[in-house]
Amino acid sequence: MNTPAHLLVNLAVLGRDESPRYQFHILIGALLPDAPMFLFYFIEKVIRKIPEHVIWSHDYHLGSWQNFFDSFNSIPFIILGLVIAWKSHSRAGQFLCMSMMLHVIGDFPLHHDDGHRHFFPFSDWRFESPVSYWDPLHYGHIVTGGEVFVVLISAIIVFRCSMSALTRWFVVIVGVSYISFFGYALWVWV
Ligand SMILES: [Zn+2]
């Protein structure tokens, strides 16, 4: 799923009635599995000025980058985090890890040949789903439509349930960034 979609879906599932304090941790948890990818893209594109096709056909597949990405999508690491948060009675930590887990569960059936090693570092196995959240060769158009629908419903739920003006503003900002993301994707990648 696209990152802004994770933010809104996780907020709707885990945090619609929560205080902004825990909503913040849910958002960080929703962001973390994709954060290494943003850092990678920033370093490659902005700092190293690598051409777009080299970024995705070569550098993205380097072992060191792959280990970095997959550490943040690893179910064993997230479970470890949950246990630590639970043992130390940290509700914030529990929300953060539950949100990371929800992100990984959401991604699991929607990646065809770009899935993560969700059992890293114990296994290099990747689930190759017949369905992709973006690839038109694997029902990407239908899934993207479904994602937009789910995001819209999530945004309405969070907007209506949340008492905090800050959260409502956040929903609007993420909604706009979600639309801009599609604009950028069409501009650069199509
Ligand atoms: Zn993801």
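User: Is Y139 buried, partly exposed or exposed?

Analyst: This is a predicted model, in which local features need pLDDT of at least 70, side-chain atom pairs count only at pLDDT 80 or more, and totals for chains, interfaces and linings use all residues. Residues are numbered from 1 along each chain as its sequence is written. A residue is buried if 20 or more other C-beta atoms lie within 10 Å of its own, exposed if 12 or fewer, and partly exposed in between, with C-beta atoms placed from the backbone. Y139 has 18 other C-beta atoms within 10 Å, so Y139 is partly exposed.

User: What is the phi of Y139?

Analyst: Most residues other than glycine have a negative phi, and most peptide bonds are trans. Y139 is not a glycine, yet its phi is positive, about 60°. Y139 sits in the loop between α7 and α8; helices here are DSSP runs of H or I with at least four residues, numbered from the N terminus.

User: Which peptide bond is cis?

Analyst: The bond from F120 to P121 is cis, with omega near 5°. P121 also lies in the loop between α7 and α8.

User: Where is H89 found, and is H89 buried or exposed?

Analyst: H89 is in the loop between α6 (75-87) and α7. H89 counts as exposed because it has 8 C-beta neighbours inside 10 Å. Its phi is positive, near 55°, and H89 is not a glycine.

User: At what angle do the axes of α1 and α7 cross?

Analyst: Axes are lines fitted to C-alpha atoms, for helices over the stretch in contact, and angles run from 0 to 180 degrees between N-to-C directions. The axes of α1 (residues 3-14) and α7 (residues 91-107) cross at roughly 120° and come within 10 Å. The two helices are therefore oblique to each other (under 35 degrees is roughly parallel, over 145 roughly antiparallel, 65 to 115 roughly perpendicular, the rest oblique).

User: Which residues of α1 and α7 make the contact?

Analyst: Contact means C-beta atoms, placed from the backbone, within 7 Å. From α1 come H6, V9, N10, V13 and L14, and from α7 F95, M98, S99, L102, H103 and G106.

User: Which residues touch the most other members of the largest nonpolar core?

Analyst: Nonpolar side chains tend to be buried together in soluble globular proteins. A nonpolar core is a set of buried Ala, Val, Leu, Ile, Met, Phe, Trp, Tyr and Cys residues joined through C-beta atoms within 7 Å. The largest one has 28 residues, and L8 and L11 touch the most other members. Helix α1 gives the largest share of this core, seven residues.

Methods:
Two residues are in contact if their C-beta atoms, placed from the backbone, lie within 7 Å.
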